[in-house]
Amino acid sequence: MATIICGWCGDKSHMTPVGKPIVHRVRTYGHDERWVADAAYTCDGCERMSVVTWTTSHDLSDRWLEDYGHNGGPQDYEDARWSPPPGHDRSFPDVPDDIARAAAEAWLCHVVGATRGACALARAVVEATAKKKQFTSGNLVAKIDALAGAGLIRDAVREQAHEIRFIGNDVAHGDLDRDVSEEESSEVLELMGELLTEVFQAPARRERLRAARVARAAGPVAEDTPSED
């Protein structure tokens with residue numbers, strides 16, 4: 001039974017197979033035979049179903065594998081691709097819907113390995129954020145600096161936004177000979193999330209807390225309850 005980070009609930013969970021793998025023999029090189037296997041599993045935690053595809057050097061229909069403890073699923077040394085992958089359904093509450101959808105799409109690009117697409121979308125999210133705050137003049141450098149000048153982002157976040165711009169520009173301007181690693185892509189998207197928190201999410205949380213405090217203060221007060229300074 002496989003143990004993975006479930007793409008649905010995000011927990012490290014045991015996965016229970018549903019039926020048997022479907023196996024297809026692929027092209028062989030000399031005596032080096034390969035099979036592609038697809039299988040369905042359910043998470044023991046959230047009970048959602050995931051699908052895994054992997055390449056194996058074993059014909060999983062051979063019964064002798066069971067004598068060696070092979071459970072019919074992907075082994076640790078085999079390159080298994082689980083769907084959905086962890087992080088595929090990132091959400092951004094309190095962010096305007098068009099920007100939130102683009103940010104979620106950037107994460108979806110990342111988890112499927114489309115790292116350049118992820119960084120290009122992150123750059124677009126930064127620019128869309130500035131435009132949403134009515135900073136529409138000049139290039140992206142000017143827009144980011146305008147966000148900071150208006151006090152909407154701290155200086156540290158301003159520098160982070162410029163880092164997103166640098167990497168996103170390489171893709172947007174056609175410098176496709178530059179690879180973007182998964183580590184770079186992940187870091188860019190985390191920085192994108194910090195920008196969205198600074199501009200949209202933190203102020204929205206602050207306003208909810210303020211509204212709750214005001215509502216409590218306006219509520220009925222018992223006669224024997226001492227007043228607060």
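Reader: Is the crossing in which α2 passes α6 left-handed or right-handed?
Author: This is a predicted model: local features need pLDDT of at least 70, side-chain atom pairs count only at pLDDT 80 or more, and totals for chains, interfaces and linings use all residues. Residues are numbered from 1 along each chain as its sequence is written, and side-chain values use heavy atoms, without hydrogens or water. A crossing is left-handed if the near helix is turned anticlockwise from the far one by less than a right angle, and right-handed if clockwise. The crossing of α2 past α6 is left-handed.

Reader: Is α2 roughly parallel or antiparallel to α6?
Author: Angles under 35 degrees count as roughly parallel, over 145 as roughly antiparallel, 65 to 115 as roughly perpendicular and the rest as oblique. They run from 0 to 180 degrees between N-to-C directions of axes, which are lines fitted to C-alpha atoms, for helices over the stretch in contact. Helix α2 (residues 97-111) and helix α6 (residues 182-218) pack at about 165°, with axes 10 Å apart. That makes α2, relative to α6, roughly antiparallel.

Reader: How many charged residues does the contact of α2 with α6 have?
Author: Contact means heavy atoms within 4.5 Å. Ala, Val, Leu, Ile, Met, Phe, Trp, Tyr, Cys and Pro count as nonpolar, Asp, Glu, Lys and Arg as charged, and the others, Gly among them, as polar. From α2, I99, A103, A106, W107 and H110 meet residues of α6 including L189, M192 and F200. The contact has eight nonpolar residues and three polar, and its charged residues number two.

Reader: How far apart are the end C-alpha atoms of α5?
Author: The expected span of a helix is 1.5 Å times one less than its number of residues. For the 18 residues of α5 (residues 155-172), that should be 26 Å. The distance between the end C-alpha atoms agrees, at 25 Å.

Reader: Is H162 buried or exposed?
Author: H162 is found in α5. Its relative accessible area is 8%. Buried means under 20%, exposed over 50%, partly exposed in between (1.4 Å probe, protein chains only). H162 is therefore buried.

Reader: Which residues is H162 in contact with, leaving aside neighbours within four places in sequence?
Author: What covers the buried residues of α5 includes α3 (115-132), α4 (140-149) and α6. With close sequence neighbours set aside, H162 is in contact with V141, I144 and D145.

Reader: How many helices and strands are in the chain?
Author: Helices (H or I, at least four residues) and strands (E, at least two) are DSSP runs, numbered from the N terminus. From that end they run β-β-β-β-α-β-α-α-α-α-α. The totals are six helices and five strands.
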